[in-house]
Amino acid sequence: MRKLLYSLLIVLTTLTYGKQGEEMKISIESNGNTTIFELNDSQASKDLYAQLPLTIAVENFGNNEKIFYPPTKLSVNNTPKANAKNGTLAYYAPWADVVMFYKDFGSASDLYGLGECISGLEHINKMTGTIKINKQQYF
């Protein structure tokens, strides 16, 4: 039953929030600055997009990334492995955290690509405290 409910959730998420060819962009606000990421068409990206909006804590990790933990784990089915560089948005499956890289990193066995920064790259390393993540609005 649990697998059936999970499968239904994935189907509904895909139908509602990430139809093939539809752009998914998110904005992240921190300390008065905005960073925008364009998400890829992977299941993990669609799962993240479906959880928005979020107001969530951001943390430093190492000297090249900021991380946050979405409320629900992301499915990595049909999600490409990441070759993380400055501006990459990724998901580290073992810890279930989303990673925003502000310096080059490379790859890791369970690191999956979610998208790339298209605006405000210079603000990632300055993110602290609580961030607000929203679907990018178009007018």
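Trainee: Where does Ser-27 lie, and why is Ser-27 called buried?

Mentor: In this predicted model, Ser-27 lies in strand β1. Its relative accessible area is 8%. Buried means under 20%, so Ser-27 is called buried.

Trainee: Which residues is Ser-27 in contact with, leaving aside its neighbours within four places in sequence?

Mentor: Ser-27 is in contact with Thr-34, Thr-35, Ile-36, Lys-132, Ile-133, Asn-134 and Gln-136. As for Ile-133, its C-alpha atom is separated from that of Ser-27 by 5.7 Å, although the two residues are 106 residues apart along the chain.

Trainee: What makes the pair Glu-23 and Lys-25 a salt bridge?

Mentor: Their side chains meet at 3.4 Å, N to O. The cut-off for a salt bridge is 4 Å, so the pair qualifies. Glu-23 has 44% relative accessibility and counts as partly exposed, whereas Lys-25, at 15%, counts as buried.

Trainee: How many salt bridges does the structure hold?

Mentor: The structure holds three. Another one of them joins Lys-46 to Asp-41, with the closest N and O atoms 3.5 Å apart. Here too the value is within 4 Å. Lys-46 counts as buried at 8% relative accessibility, while Asp-41, at 32%, is partly exposed.

Trainee: What does the salt bridge of Lys-85 and Glu-116 tie together?

Mentor: The side chains of Lys-85 and Glu-116 meet at 3.3 Å, N to O. Lys-85 lies in the loop between β5 and β6 and Glu-116 in strand β8, so the pair ties together parts that are 31 residues apart in sequence.

Trainee: Why are Lys-85 and Glu-116 called partly exposed?

Mentor: Lys-85 has a relative accessible area of 42%, and Glu-116 has 32% relative accessibility.

Trainee: What makes β7 largely enclosed by the rest of the structure?

Mentor: Five of its five residues are buried, so β7 is largely enclosed. Asp-97, Val-99 and Phe-101 point one way from the strand, and Val-98 and Met-100 point the other way.

Trainee: How do you know that β5 and β7 pair?

Mentor: Four bridges join β5 (residues 65-68) to β7 in the antiparallel sense. Pairing requires at least two bridges, so these strands pair. Ile-67 has Val-99 as its bridge partner in β7. β6 and β7 also run antiparallel and are joined by four bridges, and the partner of Tyr-91 in β7 is Val-98.

Trainee: Which residues touch the most other members of the largest nonpolar core?

Mentor: Among the 26 residues of that core, they are Ile-26, Met-100, Ile-131 and Ile-133. Several elements each supply at least two residues of this core, including β1 (24-30), α2 (43-50) and β7 (97-101). Apart from it lies another core of seven residues, with Ile-67, Ala-82, Val-99 and Leu-111 among them.

Trainee: Where does pLDDT stay under 50?

Mentor: It stays under 50 over residues 2-19. Where pLDDT is low, the predicted coordinates should not be read in detail. The protein chain averages a pLDDT of 89, and 83% of the residues score at least 70.

Note on methods: Residues are numbered from 1 along each chain as its sequence is written. This is a predicted model: local features need pLDDT of at least 70, side-chain atom pairs count only at pLDDT 80 or more; totals for chains, interfaces and linings use all residues. Side-chain values use heavy atoms; hydrogens and water are left out. A nonpolar core is a set of buried Ala, Val, Leu, Ile, Met, Phe, Trp, Tyr and Cys residues joined through side-chain atoms within 4.5 Å. Buried means under 20% relative accessible area, exposed over 50%, partly exposed in between (1.4 Å probe, protein chains only). pLDDT is the predictor's confidence in each residue, from 0 to 100. Contact means heavy atoms within 4.5 Å.
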